[in-house]
Amino acid sequence: MMNKRGFEFSFAWLFAIIVGAVIIFLAIYASTKLVKTQREVQDTELGKELGIILNPIETGLETAQASKISFSSETRIFNECKTISTFGSQRISTATKSGIGEEWQSPGEQSTFYNKYIFSESIAEGKDFVTFSKPFEMPFKVANLIYIWPLGDSYCLINPPGEIEDEVSDLSLDGFSIAAKASECPQDSKKICFTGTGCDIDITLDASKKISGSAKKKNADRVYFESSSLLYGAIFADSRTYECQLERLMRRTSELSGLYYSKSAFLAPKGCSSNLEADLITYANQTLSTNSSIDIRSIALISENIRRRNNELNCKLF
Amino acid sequence: MNLTASYSKKAQLKIQQMAFVLAAIIIFFAIVSILYLSISLRGLRGAASSLNEQEASELVRKLASTPEFSFEQNDCSNCIDLDKVLLLKSRQSYKEFWNLDFLKIEKVYPSQASLECEKSNYPDCSTITIIGKEDFGSPKSAFVSLCRWEQEKGGYTKCELGVIYASGKDIN
(Lines give C-alpha, C1' and ligand atoms only; values in the text may rest on other atoms or scores of the structure.)
Protein backbone atom coordinates (compact mmCIF):
# COMPACT_ATOMS: atom_id res chain seq x y z
CA MET A 1 0.00 0.00 0.00
CA MET A 2 1.26 3.43 -0.84
CA ASN A 3 1.94 5.91 1.94
CA LYS A 4 -0.47 8.70 1.33
CA ARG A 5 0.92 10.87 4.10
CA GLY A 6 3.22 13.61 2.73
CA PHE A 7 3.96 17.32 2.71
CA GLU A 8 1.20 19.24 1.09
CA PHE A 9 2.78 22.09 -0.89
CA SER A 10 -0.15 24.40 -0.82
CA PHE A 11 -0.62 27.56 -2.87
CA ALA A 12 -0.04 29.66 0.25
CA TRP A 13 3.46 28.19 0.67
CA LEU A 14 4.31 28.64 -2.96
CA PHE A 15 3.09 32.21 -2.86
CA ALA A 16 5.00 33.02 0.33
CA ILE A 17 8.25 31.57 -1.05
CA ILE A 18 8.01 33.48 -4.36
CA VAL A 19 7.02 36.79 -2.73
CA GLY A 20 9.64 36.32 0.02
CA ALA A 21 12.35 35.70 -2.58
CA VAL A 22 11.29 38.78 -4.55
CA ILE A 23 11.30 40.92 -1.39
CA ILE A 24 14.74 39.65 -0.31
CA PHE A 25 16.12 40.21 -3.82
CA LEU A 26 14.70 43.74 -3.91
CA ALA A 27 16.08 44.48 -0.42
CA ILE A 28 19.59 43.33 -1.43
CA TYR A 29 19.38 45.21 -4.72
CA ALA A 30 18.13 48.38 -3.01
CA SER A 31 20.78 48.29 -0.27
CA THR A 32 23.56 47.73 -2.84
CA LYS A 33 22.29 50.66 -4.87
CA LEU A 34 21.94 52.73 -1.71
CA VAL A 35 25.54 52.08 -0.67
CA LYS A 36 26.74 52.94 -4.19
CA THR A 37 24.69 56.14 -4.29
CA GLN A 38 25.88 57.10 -0.81
CA ARG A 39 29.50 56.66 -1.90
CA GLU A 40 28.82 58.74 -4.98
CA VAL A 41 27.28 61.49 -2.83
CA GLN A 42 30.27 61.43 -0.46
CA ASP A 43 32.72 61.55 -3.38
CA THR A 44 30.82 64.46 -4.91
CA GLU A 45 30.89 66.39 -1.60
CA LEU A 46 34.60 65.60 -1.23
CA GLY A 47 35.32 66.96 -4.71
CA LYS A 48 33.56 70.22 -3.92
CA GLU A 49 35.26 70.48 -0.52
CA LEU A 50 38.62 69.98 -2.18
CA GLY A 51 37.88 72.86 -4.55
CA ILE A 52 36.89 75.05 -1.59
CA ILE A 53 39.94 74.30 0.54
CA LEU A 54 42.16 75.19 -2.39
CA ASN A 55 41.02 78.84 -1.97
CA PRO A 56 43.14 79.65 1.10
CA ILE A 57 46.08 77.82 -0.49
CA GLU A 58 46.18 80.38 -3.30
CA THR A 59 48.73 83.15 -2.99
CA GLY A 60 48.03 86.78 -2.20
CA LEU A 61 51.20 88.84 -2.20
CA GLU A 62 53.38 85.79 -1.65
CA THR A 63 55.55 84.49 -4.48
CA ALA A 64 54.75 80.88 -3.63
CA GLN A 65 52.96 78.86 -0.98
CA ALA A 66 53.03 75.15 -0.14
CA SER A 67 50.78 73.01 2.06
CA LYS A 68 49.42 69.50 2.50
CA ILE A 69 45.95 68.02 2.10
CA SER A 70 45.05 64.80 3.92
CA PHE A 71 42.04 62.61 3.17
CA SER A 72 40.57 60.09 5.60
CA SER A 73 41.16 57.26 3.14
CA GLU A 74 42.97 56.55 -0.11
CA THR A 75 41.52 58.94 -2.70
CA ARG A 76 41.75 59.51 -6.43
CA ILE A 77 41.56 63.13 -7.60
CA PHE A 78 40.31 63.51 -11.16
CA ASN A 79 41.51 66.71 -12.77
CA GLU A 80 39.66 67.67 -15.92
CA CYS A 81 40.18 70.88 -17.85
CA LYS A 82 37.68 72.17 -20.40
CA THR A 83 38.00 75.10 -22.77
CA ILE A 84 34.28 75.54 -23.39
CA SER A 85 32.85 78.97 -22.35
CA THR A 86 34.68 82.31 -22.00
CA PHE A 87 37.13 81.23 -19.32
CA GLY A 88 36.98 77.47 -19.76
CA SER A 89 36.52 75.45 -16.61
CA GLN A 90 38.34 73.42 -14.03
CA ARG A 91 36.43 70.29 -13.08
CA ILE A 92 37.31 68.31 -10.00
CA SER A 93 35.91 64.97 -8.92
CA THR A 94 37.07 62.35 -6.46
CA ALA A 95 36.67 58.64 -5.80
CA THR A 96 37.49 57.03 -2.48
CA LYS A 97 38.74 53.52 -1.86
CA SER A 98 36.29 51.34 0.04
CA GLY A 99 36.39 47.97 1.73
CA ILE A 100 32.71 47.34 0.89
CA GLY A 101 31.69 46.49 -2.65
CA GLU A 102 33.93 47.64 -5.48
CA GLU A 103 37.31 48.87 -4.26
CA TRP A 104 37.17 51.89 -6.58
CA GLN A 105 33.99 53.03 -8.19
CA SER A 106 33.55 55.75 -10.79
CA PRO A 107 34.10 59.29 -9.42
CA GLY A 108 31.31 61.44 -7.99
CA GLU A 109 29.76 64.35 -9.86
CA GLN A 110 32.25 66.93 -11.08
CA SER A 111 32.52 70.28 -9.29
CA THR A 112 33.09 73.08 -11.76
CA PHE A 113 35.27 76.09 -11.04
CA TYR A 114 36.01 78.84 -13.56
CA ASN A 115 38.67 80.62 -11.50
CA LYS A 116 40.97 77.69 -10.70
CA TYR A 117 43.92 76.27 -12.61
CA ILE A 118 45.13 72.94 -11.28
CA PHE A 119 48.22 71.31 -12.71
CA SER A 120 48.40 67.63 -11.84
CA GLU A 121 48.18 64.27 -13.53
CA SER A 122 44.64 63.68 -14.82
CA ILE A 123 44.23 61.07 -12.03
CA ALA A 124 46.29 61.58 -8.88
CA GLU A 125 46.01 58.85 -6.26
CA GLY A 126 46.99 58.94 -2.60
CA LYS A 127 45.87 59.62 0.96
CA ASP A 128 47.99 62.72 1.43
CA PHE A 129 48.74 65.28 -1.25
CA VAL A 130 51.19 68.15 -1.49
CA THR A 131 49.86 71.39 -2.92
CA PHE A 132 51.93 74.27 -4.12
CA SER A 133 50.68 77.57 -5.47
CA LYS A 134 52.35 80.28 -7.53
CA PRO A 135 51.02 83.42 -9.23
CA PHE A 136 51.11 83.58 -13.03
CA GLU A 137 51.98 87.05 -14.27
CA MET A 138 52.04 88.11 -17.91
CA PRO A 139 52.71 91.06 -17.49
CA PHE A 140 50.03 91.65 -14.83
CA LYS A 141 48.89 88.96 -12.40
CA VAL A 142 46.50 86.66 -14.25
CA ALA A 143 45.80 83.83 -11.81
CA ASN A 144 47.14 81.54 -9.14
CA LEU A 145 48.34 78.22 -10.42
CA ILE A 146 47.92 75.23 -8.13
CA TYR A 147 50.13 72.16 -8.42
CA ILE A 148 49.06 68.91 -6.75
CA TRP A 149 50.94 65.65 -6.40
CA PRO A 150 50.62 62.62 -4.06
CA LEU A 151 52.88 62.78 -1.01
CA GLY A 152 54.73 59.59 -1.96
CA ASP A 153 55.82 60.85 -5.38
CA SER A 154 59.34 62.16 -5.64
CA TYR A 155 60.98 64.42 -8.19
CA CYS A 156 64.69 64.87 -8.72
CA LEU A 157 65.83 68.11 -10.37
CA ILE A 158 69.14 67.69 -12.14
CA ASN A 159 71.08 70.96 -12.51
CA PRO A 160 68.09 73.30 -12.18
CA PRO A 161 68.52 77.09 -12.58
CA GLY A 162 69.33 78.98 -9.38
CA GLU A 163 65.83 80.50 -9.11
CA ILE A 164 64.15 77.07 -9.11
CA GLU A 165 66.75 75.58 -6.76
CA ASP A 166 66.28 78.41 -4.25
CA GLU A 167 62.49 78.15 -4.38
CA VAL A 168 62.45 74.37 -3.87
CA SER A 169 64.87 74.68 -0.94
CA ASP A 170 63.12 77.65 0.67
CA LEU A 171 59.69 76.00 0.56
CA SER A 172 61.08 72.57 1.58
CA LEU A 173 58.81 70.96 -0.99
CA ASP A 174 58.04 67.36 -0.05
CA GLY A 175 59.41 64.81 -2.46
CA PHE A 176 61.79 67.22 -4.19
CA SER A 177 65.52 66.70 -4.34
CA ILE A 178 68.29 68.43 -6.26
CA ALA A 179 71.21 66.60 -7.82
CA ALA A 180 74.16 67.38 -10.08
CA LYS A 181 73.74 64.16 -12.10
CA ALA A 182 71.11 61.47 -12.59
CA SER A 183 73.04 58.84 -10.60
CA GLU A 184 72.75 61.00 -7.46
CA CYS A 185 68.94 60.99 -7.61
CA PRO A 186 66.93 58.79 -5.21
CA GLN A 187 65.66 55.57 -6.72
CA ASP A 188 62.05 55.61 -8.03
CA SER A 189 62.17 59.39 -8.32
CA LYS A 190 61.07 61.11 -11.51
CA LYS A 191 64.22 62.58 -13.00
CA ILE A 192 63.99 66.05 -14.49
CA CYS A 193 66.95 67.07 -16.63
CA PHE A 194 67.70 70.75 -17.12
CA THR A 195 70.85 69.95 -19.07
CA GLY A 196 71.01 66.91 -21.28
CA THR A 197 68.36 64.40 -22.22
CA GLY A 198 67.18 60.88 -21.36
CA CYS A 199 65.29 61.76 -18.16
CA ASP A 200 61.59 61.27 -17.38
CA ILE A 201 61.15 64.97 -18.18
CA ASP A 202 63.67 66.82 -20.34
CA ILE A 203 63.66 70.57 -19.92
CA THR A 204 65.27 72.73 -22.59
CA LEU A 205 65.91 76.25 -21.34
CA ASP A 206 66.46 79.17 -23.69
CA ALA A 207 69.74 81.05 -23.54
CA SER A 208 68.09 84.08 -21.92
CA LYS A 209 68.41 84.67 -18.19
CA LYS A 210 64.68 84.19 -17.68
CA ILE A 211 62.92 80.86 -17.12
CA SER A 212 61.76 80.14 -20.64
CA GLY A 213 61.89 77.08 -22.84
CA SER A 214 60.17 73.76 -23.41
CA ALA A 215 59.55 70.48 -21.62
CA LYS A 216 59.21 66.99 -23.04
CA LYS A 217 57.86 64.07 -21.05
CA LYS A 218 58.42 60.51 -22.21
CA ASN A 219 55.75 59.48 -24.76
CA ALA A 220 54.15 62.93 -24.65
CA ASP A 221 54.16 66.05 -26.78
CA ARG A 222 56.61 68.87 -26.15
CA VAL A 223 55.10 71.83 -24.29
CA TYR A 224 56.43 75.40 -24.10
CA PHE A 225 56.61 77.68 -21.07
CA GLU A 226 57.55 81.22 -20.06
CA SER A 227 58.13 81.87 -16.33
CA SER A 228 58.74 79.45 -13.50
CA SER A 229 55.02 79.07 -12.72
CA LEU A 230 54.44 77.50 -16.13
CA LEU A 231 57.60 75.41 -15.82
CA TYR A 232 56.16 73.76 -12.69
CA GLY A 233 52.90 73.30 -14.62
CA ALA A 234 54.78 71.45 -17.36
CA ILE A 235 56.41 69.21 -14.74
CA PHE A 236 53.29 68.27 -12.78
CA ALA A 237 50.59 68.13 -15.46
CA ASP A 238 50.30 65.83 -18.41
CA SER A 239 50.70 67.61 -21.74
CA ARG A 240 46.96 67.65 -22.49
CA THR A 241 46.07 69.24 -19.15
CA TYR A 242 48.94 71.72 -19.53
CA GLU A 243 47.85 72.85 -22.99
CA CYS A 244 44.23 73.18 -21.85
CA GLN A 245 45.10 75.17 -18.71
CA LEU A 246 47.40 77.44 -20.70
CA GLU A 247 44.61 78.15 -23.18
CA ARG A 248 42.31 79.02 -20.26
CA LEU A 249 44.99 81.28 -18.77
CA MET A 250 45.39 83.06 -22.09
CA ARG A 251 41.64 83.66 -22.25
CA ARG A 252 41.70 85.21 -18.79
CA THR A 253 44.71 87.29 -19.84
CA SER A 254 42.65 88.51 -22.78
CA GLU A 255 39.72 89.46 -20.52
CA LEU A 256 42.06 91.24 -18.11
CA SER A 257 43.70 93.10 -20.99
CA GLY A 258 40.24 94.28 -21.96
CA LEU A 259 39.65 95.39 -18.37
CA TYR A 260 42.96 97.29 -18.24
CA TYR A 261 42.15 98.83 -21.63
CA SER A 262 38.85 100.12 -20.17
CA LYS A 263 40.67 101.38 -17.08
CA SER A 264 43.23 103.19 -19.19
CA ALA A 265 40.53 104.84 -21.30
CA PHE A 266 38.51 105.71 -18.16
CA LEU A 267 41.42 107.31 -16.31
CA ALA A 268 42.99 109.16 -19.26
CA PRO A 269 40.63 112.19 -18.99
CA LYS A 270 41.34 112.26 -15.23
CA GLY A 271 45.02 112.94 -15.73
CA CYS A 272 46.22 109.33 -15.57
CA SER A 273 47.07 108.52 -19.14
CA SER A 274 49.05 105.42 -20.01
CA ASN A 275 48.88 105.39 -23.82
CA LEU A 276 48.80 101.61 -23.62
CA GLU A 277 45.35 101.17 -25.18
CA ALA A 278 46.57 100.06 -28.62
CA ASP A 279 49.04 97.56 -27.14
CA LEU A 280 46.42 96.18 -24.77
CA ILE A 281 43.94 95.60 -27.60
CA THR A 282 46.59 93.78 -29.67
CA TYR A 283 47.56 91.76 -26.62
CA ALA A 284 43.92 90.87 -25.85
CA ASN A 285 43.38 89.64 -29.43
CA GLN A 286 46.61 87.69 -29.55
CA THR A 287 46.06 85.93 -26.23
CA LEU A 288 42.47 85.10 -27.16
CA SER A 289 43.55 83.35 -30.35
CA THR A 290 46.17 81.20 -28.61
CA ASN A 291 45.48 77.49 -28.74
CA SER A 292 48.94 76.02 -28.41
CA SER A 293 51.78 76.58 -25.95
CA ILE A 294 54.18 77.24 -28.84
CA ASP A 295 52.52 80.69 -29.20
CA ILE A 296 53.62 81.64 -25.70
CA ARG A 297 56.98 82.99 -26.92
CA SER A 298 55.47 85.63 -29.18
CA ILE A 299 52.96 86.52 -26.45
CA ALA A 300 55.80 86.93 -23.96
CA LEU A 301 57.43 89.52 -26.22
CA ILE A 302 54.30 91.71 -26.29
CA SER A 303 53.84 91.16 -22.56
CA GLU A 304 57.41 92.28 -21.84
CA ASN A 305 56.88 95.41 -23.90
CA ILE A 306 53.69 96.28 -21.99
CA ARG A 307 55.40 95.58 -18.65
CA ARG A 308 58.33 97.84 -19.54
CA ARG A 309 56.07 100.69 -20.70
CA ASN A 310 53.84 100.40 -17.63
CA ASN A 311 56.86 100.54 -15.30
CA GLU A 312 57.91 103.82 -16.90
CA LEU A 313 54.56 105.45 -16.11
CA ASN A 314 54.01 107.83 -13.21
CA CYS A 315 50.42 106.66 -12.97
CA LYS A 316 50.77 102.92 -13.34
CA LEU A 317 47.96 100.87 -14.83
CA PHE A 318 48.89 97.69 -12.89
CA MET B 1 -22.09 16.81 -21.08
CA ASN B 2 -22.12 19.44 -18.38
CA LEU B 3 -18.72 20.66 -17.15
CA THR B 4 -18.57 22.74 -14.00
CA ALA B 5 -15.57 23.82 -11.96
CA SER B 6 -15.94 23.90 -8.26
CA TYR B 7 -13.79 26.25 -6.18
CA SER B 8 -13.23 26.10 -2.49
CA LYS B 9 -14.45 29.29 -0.85
CA LYS B 10 -11.68 28.94 1.79
CA ALA B 11 -8.95 28.92 -0.90
CA GLN B 12 -10.46 31.96 -2.57
CA LEU B 13 -10.42 33.79 0.72
CA LYS B 14 -6.75 32.86 1.26
CA ILE B 15 -5.77 34.17 -2.19
CA GLN B 16 -7.58 37.41 -1.43
CA GLN B 17 -5.80 37.58 1.92
CA MET B 18 -2.42 37.10 0.19
CA ALA B 19 -3.21 39.76 -2.39
CA PHE B 20 -4.09 42.22 0.35
CA VAL B 21 -0.92 41.41 2.28
CA LEU B 22 1.12 41.85 -0.89
CA ALA B 23 -0.51 45.18 -1.65
CA ALA B 24 0.07 46.30 1.93
CA ILE B 25 3.75 45.32 1.73
CA ILE B 26 4.22 47.20 -1.53
CA ILE B 27 2.48 50.29 -0.15
CA PHE B 28 4.58 50.08 3.03
CA PHE B 29 7.84 49.88 1.09
CA ALA B 30 6.74 52.68 -1.23
CA ILE B 31 5.96 54.95 1.75
CA VAL B 32 9.26 54.10 3.43
CA SER B 33 11.18 54.75 0.17
CA ILE B 34 9.45 58.10 -0.41
CA LEU B 35 10.15 59.11 3.19
CA TYR B 36 13.79 58.09 2.92
CA LEU B 37 14.24 59.83 -0.43
CA SER B 38 12.67 63.07 0.75
CA ILE B 39 14.80 63.09 3.94
CA SER B 40 18.01 62.30 2.06
CA LEU B 41 17.19 64.84 -0.67
CA ARG B 42 16.64 67.48 1.98
CA GLY B 43 19.95 66.51 3.56
CA LEU B 44 21.67 66.64 0.20
CA ARG B 45 20.25 70.08 -0.56
CA GLY B 46 21.36 71.26 2.86
CA ALA B 47 24.86 69.90 2.28
CA ALA B 48 25.08 71.47 -1.19
CA SER B 49 23.82 74.80 0.12
CA SER B 50 26.25 74.70 3.05
CA LEU B 51 29.16 73.93 0.67
CA ASN B 52 28.20 76.87 -1.53
CA GLU B 53 28.08 79.15 1.51
CA GLN B 54 31.44 77.81 2.64
CA GLU B 55 32.83 78.53 -0.84
CA ALA B 56 31.51 82.09 -0.68
CA SER B 57 33.00 82.51 2.78
CA GLU B 58 36.46 81.34 1.63
CA LEU B 59 36.24 83.34 -1.57
CA VAL B 60 35.32 86.64 0.10
CA ARG B 61 38.60 86.52 2.04
CA LYS B 62 40.62 86.02 -1.12
CA LEU B 63 38.75 88.20 -3.60
CA ALA B 64 40.81 91.28 -2.80
CA SER B 65 43.92 89.50 -4.05
CA THR B 66 42.41 88.24 -7.32
CA PRO B 67 43.66 90.08 -10.42
CA GLU B 68 40.22 91.51 -11.25
CA PHE B 69 40.04 93.27 -7.86
CA SER B 70 43.58 93.75 -6.60
CA PHE B 71 45.22 97.12 -6.38
CA GLU B 72 48.64 96.32 -7.82
CA GLN B 73 50.49 99.61 -7.60
CA ASN B 74 51.68 98.92 -4.06
CA ASP B 75 52.08 95.77 -1.98
CA CYS B 76 48.75 95.83 -0.23
CA SER B 77 47.10 92.45 0.28
CA ASN B 78 43.64 93.76 1.15
CA CYS B 79 43.41 96.68 -1.26
CA ILE B 80 40.82 96.72 -4.00
CA ASP B 81 41.24 98.80 -7.16
CA LEU B 82 37.87 100.57 -7.21
CA ASP B 83 38.40 102.00 -10.72
CA LYS B 84 38.90 98.47 -12.04
CA VAL B 85 35.89 97.11 -10.15
CA LEU B 86 33.61 99.83 -11.52
CA LEU B 87 34.53 98.73 -15.05
CA LEU B 88 34.31 95.06 -14.10
CA LYS B 89 30.64 95.59 -13.23
CA SER B 90 29.70 96.05 -16.90
CA ARG B 91 31.57 92.96 -18.14
CA GLN B 92 29.02 90.19 -18.65
CA SER B 93 31.71 87.51 -18.99
CA TYR B 94 32.39 87.68 -15.25
CA LYS B 95 28.81 87.10 -14.10
CA GLU B 96 29.30 83.33 -13.64
CA PHE B 97 33.03 83.39 -13.00
CA TRP B 98 33.04 83.07 -9.19
CA ASN B 99 30.02 80.77 -8.73
CA LEU B 100 28.27 83.52 -6.76
CA ASP B 101 24.73 84.87 -6.73
CA PHE B 102 25.67 88.15 -5.07
CA LEU B 103 28.83 90.22 -5.03
CA LYS B 104 28.87 93.80 -3.82
CA ILE B 105 31.41 96.32 -2.62
CA GLU B 106 30.31 99.02 -0.21
CA LYS B 107 32.17 102.09 0.94
CA VAL B 108 31.75 102.41 4.73
CA TYR B 109 34.12 105.23 5.66
CA PRO B 110 33.89 108.11 4.98
CA SER B 111 30.16 107.42 4.95
CA GLN B 112 28.13 108.45 1.94
CA ALA B 113 24.47 108.32 0.95
CA SER B 114 23.56 104.87 -0.34
CA LEU B 115 23.94 105.22 -4.08
CA GLU B 116 24.92 102.65 -6.68
CA CYS B 117 28.05 103.65 -8.60
CA GLU B 118 27.84 104.33 -12.31
CA LYS B 119 30.44 105.98 -14.53
CA SER B 120 28.37 109.17 -14.37
CA ASN B 121 28.30 109.55 -10.56
CA TYR B 122 31.63 107.90 -9.69
CA PRO B 123 33.28 108.40 -7.17
CA ASP B 124 30.41 110.17 -5.35
CA CYS B 125 28.58 106.93 -4.65
CA SER B 126 28.77 104.13 -2.11
CA THR B 127 28.13 100.70 -3.66
CA ILE B 128 29.19 98.68 -6.68
CA THR B 129 27.05 95.57 -7.28
CA ILE B 130 28.97 93.27 -9.59
CA ILE B 131 26.61 90.30 -9.35
CA GLY B 132 23.11 90.89 -8.06
CA LYS B 133 20.63 88.09 -8.63
CA GLU B 134 17.21 88.63 -7.08
CA ASP B 135 17.34 85.67 -4.67
CA PHE B 136 20.49 85.04 -2.73
CA GLY B 137 21.39 83.61 0.67
CA SER B 138 22.94 85.44 3.59
CA PRO B 139 26.07 87.16 2.29
CA LYS B 140 29.52 86.74 3.87
CA SER B 141 31.60 89.87 4.32
CA ALA B 142 35.19 91.06 4.75
CA PHE B 143 36.71 94.47 5.34
CA VAL B 144 38.90 95.85 2.55
CA SER B 145 40.61 99.05 1.47
CA LEU B 146 39.08 100.68 -1.60
CA CYS B 147 41.77 102.48 -3.55
CA ARG B 148 41.24 104.70 -6.58
CA TRP B 149 42.92 107.41 -8.64
CA GLU B 150 41.99 110.86 -7.36
CA GLN B 151 42.67 113.61 -9.89
CA GLU B 152 42.70 116.52 -7.39
CA LYS B 153 46.00 118.03 -6.18
CA GLY B 154 47.83 116.83 -9.27
CA GLY B 155 46.62 113.26 -8.91
CA TYR B 156 47.21 110.69 -6.16
CA THR B 157 45.93 107.33 -4.93
CA LYS B 158 43.14 107.63 -2.38
CA CYS B 159 42.13 104.68 -0.21
CA GLU B 160 38.93 104.40 1.85
CA LEU B 161 37.44 101.73 4.09
CA GLY B 162 34.97 99.32 2.54
CA VAL B 163 33.29 95.95 2.88
CA ILE B 164 32.97 93.24 0.29
CA TYR B 165 29.86 91.02 0.40
CA ALA B 166 29.49 87.66 -1.35
CA SER B 167 26.81 85.01 -1.34
CA GLY B 168 27.09 81.50 -2.78
CA LYS B 169 24.95 80.08 -5.54
CA ASP B 170 21.42 79.09 -4.60
CA ILE B 171 20.88 75.43 -5.46
CA ASN B 172 17.10 75.66 -6.00
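Which strands of chain B does helix 1 (residues 9-62) lie across? I checked with one thing in mind: this is a predicted model. Helix 1 of chain B lies across strand 2, strand 4 (140-150) and strand 5 (156-168). It runs at about 170 degrees to strand 5 of chain B.

Next I looked at the sheet in chain B. I found an open sheet of five strands, in the order 1-4-5-2-3, with mixed pairing. Strand 1 (79-81) and strand 3 (127-132) of chain B are the edge strands, each pairing on one side only. From one strand to the next, the twist averages 30 degrees.

I then followed one pairing. Strand 2 (residues 100-109) of chain B pairs with strand 3 of chain B in the antiparallel sense, over five bridges.

I moved on to chain A. Helix 4 (residues 239-267) and helix 5 (residues 277-288) of chain A pack with their axes 8 Å apart, at an angle of about 165 degrees. Angles over 145 degrees count as roughly antiparallel, so helix 4 of chain A is roughly antiparallel to helix 5 of chain A. The crossing of these two helices is left-handed.

Last, I listed who meets whom. Helix 4 of chain A contributes residues including A:Met250, A:Arg251, A:Tyr260 and A:Tyr261. Helix 5 of chain A contributes, among them, A:Glu277, A:Leu280, A:Ile281 and A:Tyr283. I sorted the residues of this contact: nine are nonpolar, six polar and two charged.

How values were computed: Residues are numbered from 1 along each chain as its sequence is written. Chains are lettered from A and ligands numbered from 1 in the order in which they are written. This is a predicted model: local features need pLDDT of at least 70, side-chain atom pairs count only at pLDDT 80 or more; totals for chains, interfaces and linings use all residues. Axes are lines fitted to C-alpha atoms, for helices over the stretch in contact, and angles run from 0 to 180 degrees between N-to-C directions. Helices (H or I, at least four residues) and strands (E, at least two) are DSSP runs, numbered from the N terminus. Angles under 35 degrees count as roughly parallel, over 145 as roughly antiparallel, 65 to 115 as roughly perpendicular and the rest as oblique. A crossing is left-handed if the near helix is turned anticlockwise from the far one by less than a right angle, and right-handed if clockwise. Two residues are in contact if their C-beta atoms, placed from the backbone, lie within 7 Å. Ala, Val, Leu, Ile, Met, Phe, Trp, Tyr, Cys and Pro count as nonpolar, Asp, Glu, Lys and Arg as charged, and the others, Gly among them, as polar. Two strands pair if DSSP finds at least two bridges between them.
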